[in-house]
Amino acid sequence: MARPAAQKPGQPGALTPRRPPRALPRLLPRAALAALLASAPAAALPARSRAAPPAPDPEARALVLADIHLDPFESPALARSLDAAPARRWEAILNRDARRAPSGPGADTDWALWRSALDALPRRRVAYVLLLGDYLCHGFGARYDRMVGGGAAARREFALKEIGVLKRSLEERLPGVPLYWVLGNEDSPDGDYAVRAGGIFLGRLAGLWLPPGDPTARRSFARWGCASRALPGRAGTLVSLDDVLWAQERRGPGDGSGAAEMAWLKRRLARREAGPLLLALHIPPGRDPYAAAHGRPAGFLRPRFERALEALLGAHPGRVRLVLAGHTHFDDFRLVRGPRGAVAAHLALSLSPVHGNAPGFSELDYRVADGTPLDWRTYTLDRGSPGRSNRWGLEYDFHRTYGTAFDPAGIAAAVSAIEAGGKARASYDRLYAGGAFTLSGPQERAQIRALEVHGPAPKSPALDPAPAH
Ligand SMILES: [Zn+2]
């Protein structure tokens, strides 16, 4: 997303050099610790623990990162040296030449912020990492052309190297942990919302992001940016969509790819398999509260695709266990109500602080036995006062904050409580930007109105394949 919703006056510049946070002891949640102890060899535990009954329902977790927006354009000299170097040299160049202080409100993620987040990521019992799109910084194409130049092919290579360095650094920090990727509106070397279905860039990303042993996923991704992949163990299936193809802000003539992707999703949801199905997309369904508060058309997606997506979700309330999205950069919810039930969507706080939010990442806890989502925690970077080190810490735990499990019924209950006002509303307002500012006034009212999405009746004509536009 390319526009600020609300900004707190920035105060970066006086930060001390980053010191690696004592991440694990602070970040390891009690439930995961219990599961860890339960799964440890008995001989390693004191006699007292050996006698204790095993903890029921061991949990695993997924790490969720949204809207990283890594900015490699700190200076023209740095951008040019990155351009001349192969991807494997980027980390060394950035470690040597980039700024030392994590970027602050109003700026995208600089190298120092990315490294700080990497150091803070929990490493134990992480089953997979879900990345919800927008890896490139705002203004990527124009800044590349101004600082480096060289045309469309060179710009594409630079974008691929930038996304490759994110992948490489995650793989180094979390060896063997699979990564699941979603494409965002900024993830195109040719401009915002400009990625071309079936183009060279998508084909190259398919090779970078998807395992070679899954040609079906690689094929659908190269065509439309979508893929269906098994999650580790019994965690179920992740269906990732490129809903940039459906976005209101996508410019230019249609090429039929949006309708083709929707038809793919319809076929995919009609197929049954064991375990829960998670849907990940960059742009959330429902209203765009920022646009609504400014008197503009209120949907993120084109009406035709919005209706089709709502109808599909409404038709499969039990099939789609959870929807995860990014794009707004704020911690938020959408409850898509259909005639047969509701599907809950959670919008993850972004790592980029460009919209004035605190930089954040999150954890999704789920039950190992059957993949049932259990809880959600968000961690944010607390800059502290000038002269103090930056520290990552727990911003909130969904279960403790809203008093319900992080499942569709629990999220629906939390949304009702937020709408009703009181303590839940106060928490939502405070946590929306990771504690950087509190929602209030017309923006708060627009957000509250956007929490629920009422889908169409089941037999929507929007589900029929339609010609390109
Ligand atoms: Zn974004």
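Student: Which residues in α8 meet α9?
Tutor: From α8 these are R156, L160, I163, G164 and K167, and they meet I200, F201, R204 and L208 in α9, where two residues are in contact if their C-beta atoms, placed from the backbone, lie within 7 Å. This is a predicted model, in which local features need pLDDT of at least 70 and side-chain atom pairs count only at pLDDT 80 or more, while totals for chains, interfaces and linings use all residues. Residues are numbered from 1 along each chain as its sequence is written. Helices (H or I, at least four residues) and strands (E, at least two) are DSSP runs, numbered from the N terminus.

Student: At what angle do α8 and α9 pack?
Tutor: The angle is about 20°, and their axes are 11 Å apart; axes are lines fitted to C-alpha atoms, for helices over the stretch in contact, and angles run from 0 to 180 degrees between N-to-C directions. The two helices α8 and α9 are therefore roughly parallel to each other, a label for angles under 35 degrees, with over 145 counting as roughly antiparallel, 65 to 115 as roughly perpendicular and the rest as oblique.

Student: And what covers the buried residues of α7?
Tutor: The cover includes α8 (152-173). The buried residues of α7, which spans residues 140-147, are F140, G141 and Y144, buried being 20 or more other C-beta atoms within 10 Å of a residue's own, exposed 12 or fewer, and partly exposed in between, with C-beta atoms placed from the backbone. Seen down the axis of α7, these buried residues fall within an arc of 95°, so they line one face of the helix; the arc is that of the directions from the helix axis to the C-beta atoms.

Student: Which exposed residues sit on the face turned away from that buried side?
Tutor: That face of α7 carries A142 and R146, and the helix is followed by G149, with a positive phi near 80°.

Student: Switching to strands, what is the order in the open sheet of seven strands?
Tutor: The order is β4-β5-β6-β7-β9-β8-β13, with mixed pairing, and two strands pair if DSSP finds at least two bridges between them. At the edges are β4 (227-230) and β13 (452-454), each pairing on one side only. Neighbouring strands of this sheet are turned by 20° against each other on average, direction ignored.

Student: How many bridges join β7 to β9?
Tutor: Three bridges join β7 (residues 320-325) to β9 (residues 341-347), and the two strands run parallel. Helix α15 (residues 408-420) lies across β7, β8 (332-338), β9 and β13, running at about 75° to β9.

Student: Where is D67, and is it buried or exposed?
Tutor: D67 lies in the loop between β1 (59-65) and α4 (76-84), and it counts as buried because it has 30 C-beta neighbours inside 10 Å. Its phi is positive, near 45°, although D67 is a residue other than glycine. Most residues other than glycine have a negative phi.

Student: What about Y193, what is its phi?
Tutor: Y193 has a positive phi of about 60° and is not a glycine. This residue is found in the loop between β3 (179-181) and α9 (200-209), and with 20 C-beta neighbours inside 10 Å Y193 counts as buried.
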